[in-house]
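Visitor: Please take one part of this model and go through it closely, side chain by side chain. I would like the surface groups placed in their setting, with the numbers kept.

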Amino acid sequence: MASSTSSGSYTMVQQTSGSDQEDLQALMDQRKRKRMISNRESARRSRMRKQKHLDDMTAQVAQLRKENHQIMTRVSIATQHYMSLEAENSVLRAQVGELSHRLQSLDEIIAFLAANNGGCTGTTTHGAAGYYEPIESFLNPLSLSNLNQPIMASADVFQY
């Protein structure tokens, strides 16, 4: 009987050890499942963060492209305005040159008239009736001072 007892206790120890091993294996499997679930959840959160970051970056790219387009439009408008003002400025410079040339011509005519009228620089005389009369040499068709040159500026000069 001693042998059966010892054999029975060995079996029982083996059964207890087998039961403990199963419990230990079950505990390890449970921990493994929890770790796997935890890892899956962590990976899901990581993918969600990555997707959110990608969405944020995509939205920022769209916003920056919109701002860039607006800036380019403003630069284009400013450039067109600058070119328009530059053209107008060029026309005005040409008009100043033309008017300066005409003024110089008029000054030369006045100097010529003054030289031909014995130093009189006026273009009119005071008549007896109290009104101004043009100098006679200015109205004389044979006078050199009566050049056939227009004095008034034409309207074509001021159009652009």
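Guide: L27 is partly exposed, with a relative accessible area of 36%. Its place is in helix α1, which covers residues 2-116. The model is a predicted one. L27 belongs to a nonpolar surface patch together with L24 and M28. The three residues of this patch have about 280 Å² of accessible area together. Membership of a patch calls for over 30% relative accessible area and no salt bridge, and L27, at 36%, is therefore above that area cut-off.

R31, K32, K34 and R35 form a positive surface patch. Of these, R31 lies in helix α1. R31 has a relative accessible area of 53%, and because the exposed class begins over 50%, R31 is exposed.

Next come the charged side chains that are paired. The count of salt bridges comes to four, with a cut-off of 4 Å between a side-chain nitrogen of Lys or Arg and a carboxyl oxygen of Asp or Glu. Among them is the bridge between R44 and E41, where the closest N and O atoms are 2.3 Å apart. R44 and E41 are three residues apart in helix α1, so about one helical turn separates them.

E41 has another partner. The side chains of R45 and E41 also meet in a salt bridge, with 4.0 Å from N to O. R45 and E41 are four residues apart in helix α1, about one turn of the helix. R45 counts as partly exposed, its relative accessibility being 41%.

A further bridge links D56 and K52, and here the closest N and O atoms are 3.2 Å apart. This pair too lies in helix α1; D56 and K52 are four residues apart, so the separation is about one helical turn. The two partners fall into separate exposure classes: K52 is exposed, with a relative accessible area of 52%, whereas D56 is partly exposed, with 40%. As for the bridges that share partners, they join E41, R44 and R45 into one network.

The rest of the chain gives the setting for this stretch. The protein chain has two helices and two strands, and from the N terminus on its elements run α-β-β-α. Buried residues make up 6% of the 160 residues in the chain. The accessible surface of the chain comes to about 13900 Å². Carbon and sulfur atoms account for 59% of that surface. Among contacts in the chain with a separation of 6 or more, 41% are between residues 24 or more positions apart.

L27 sits in the nonpolar patch with L24 and M28, R31 is one of the residues of the positive patch, and E41 is bridged to R44 and to R45.

Note on methods: Residues numbered from 1 in each chain as written. Predicted model: local features only at pLDDT ≥ 70, side-chain atom pairs only at ≥ 80, totals over all residues. Heavy atoms only, no water. Patch = residues over 30% accessible without salt bridge, like charges linked within 9 Å, V, L, I, M, F, W, Y side chains within 5 Å. Areas by Shrake-Rupley, 256 points an atom, 1.4 Å probe, with all protein chains shown as cover. Lys, Arg positive; Asp, Glu negative; His and termini not counted. Charge placed at Lys NZ, Arg CZ, Asp CG, Glu CD. Buried < 20%, exposed > 50% of the residue type's maximum accessible area, 1.4 Å probe, protein only. Contact = heavy atoms within 4.5 Å.
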